[in-house]
Amino acid sequence: MSKLSSVPLYPVNLSVGGVPANLCKNKTPDGKFQIAKVLKPGGPQEGEFEVLWEGDSESEAEEFARREAEKAFPGLLTR
């Protein structure tokens with residue numbers, strides 16, 4: 001469990017096919033993108049998160065989140 005170091009407007013809660021998911025996209029002060037699982041809701045310093053992916057590409061982060069969502073909610077993205 002960890003806190004997130006974020007720039008303004010992040011983290012952003014993600015949804016799957018319009019249904020809220022327990023994933024968020026974050027951007028760190030050094031420009032890295034992260035996909036994190038929300039363990040305890042709250043802001044970056046109040047909530048608890050598990051970082052699942054980190055990298056330089058926002059599109060790769062979003063693709064990772066789609067794959068994670070498909071694992072958690074099989075078939076929801078294809079409806």
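**Contacts, burial and the pocket**

Tutor: In this predicted model, P11 is in contact with L4, S6, C24, K25, N26 and P44, leaving aside its neighbours within four places in sequence. P11 lies in the segment before β1.

Student: Why does P11 count as partly exposed?

Tutor: Buried means under 20% relative accessible area and exposed means over 50%. P11 has 23% relative accessibility, so P11 counts as partly exposed.

Student: Which residues of α1 are buried?

Tutor: In α1, the buried residues are A61, F64, A65 and A69.

Student: What makes you say that the buried residues of α1 line one face of the helix?

Tutor: Viewed down the axis of α1, the buried residues fall within an arc of 140 degrees, so they line one face of the helix. In general, an α-helix has 3.6 residues a turn, so residues three or four places apart point the same way. The cover over the buried residues of α1 includes β1, β2, β3 and β4.

Student: How do you know that the span of α1 is close to the expected one?

Tutor: The expected span is 1.5 Å times one less than the number of residues. With 15 residues, α1 reaches 21 Å from its first C-alpha to its last, close to the 21 Å expected.

Student: Which element gives the most to the lining of the largest pocket?

Tutor: That element is α1, with 4 residues. The lining has 11 residues, of which L14, S15, E62, A65 and R66 lie nearest the pocket centre. By class, 7 are nonpolar, 1 is polar and 3 are charged. The volume of the largest pocket is about 160 Å³.

Technical notes:
Residues are numbered from 1 along each chain as its sequence is written. This is a predicted model: local features need pLDDT of at least 70, side-chain atom pairs count only at pLDDT 80 or more; totals for chains, interfaces and linings use all residues. Side-chain values use heavy atoms; hydrogens and water are left out. On a 1 Å grid over the protein atoms alone, a cavity is a set of points where a 1.4 Å probe fits but cannot get out, and a pocket is an open set with protein on both sides within 12 Å along at least five of seven lines; lining residues have an atom within 4 Å of a point. Grid points are joined across faces, edges and corners, and a volume is the space filled by probe spheres set on the points. Helices (H or I, at least four residues) and strands (E, at least two) are DSSP runs, numbered from the N terminus. Ala, Val, Leu, Ile, Met, Phe, Trp, Tyr, Cys and Pro count as nonpolar, Asp, Glu, Lys and Arg as charged, and the others, Gly among them, as polar. Buried means under 20% relative accessible area, exposed over 50%, partly exposed in between (1.4 Å probe, protein chains only). The arc is that of the directions from the helix axis to the C-beta atoms. Contact means heavy atoms within 4.5 Å.
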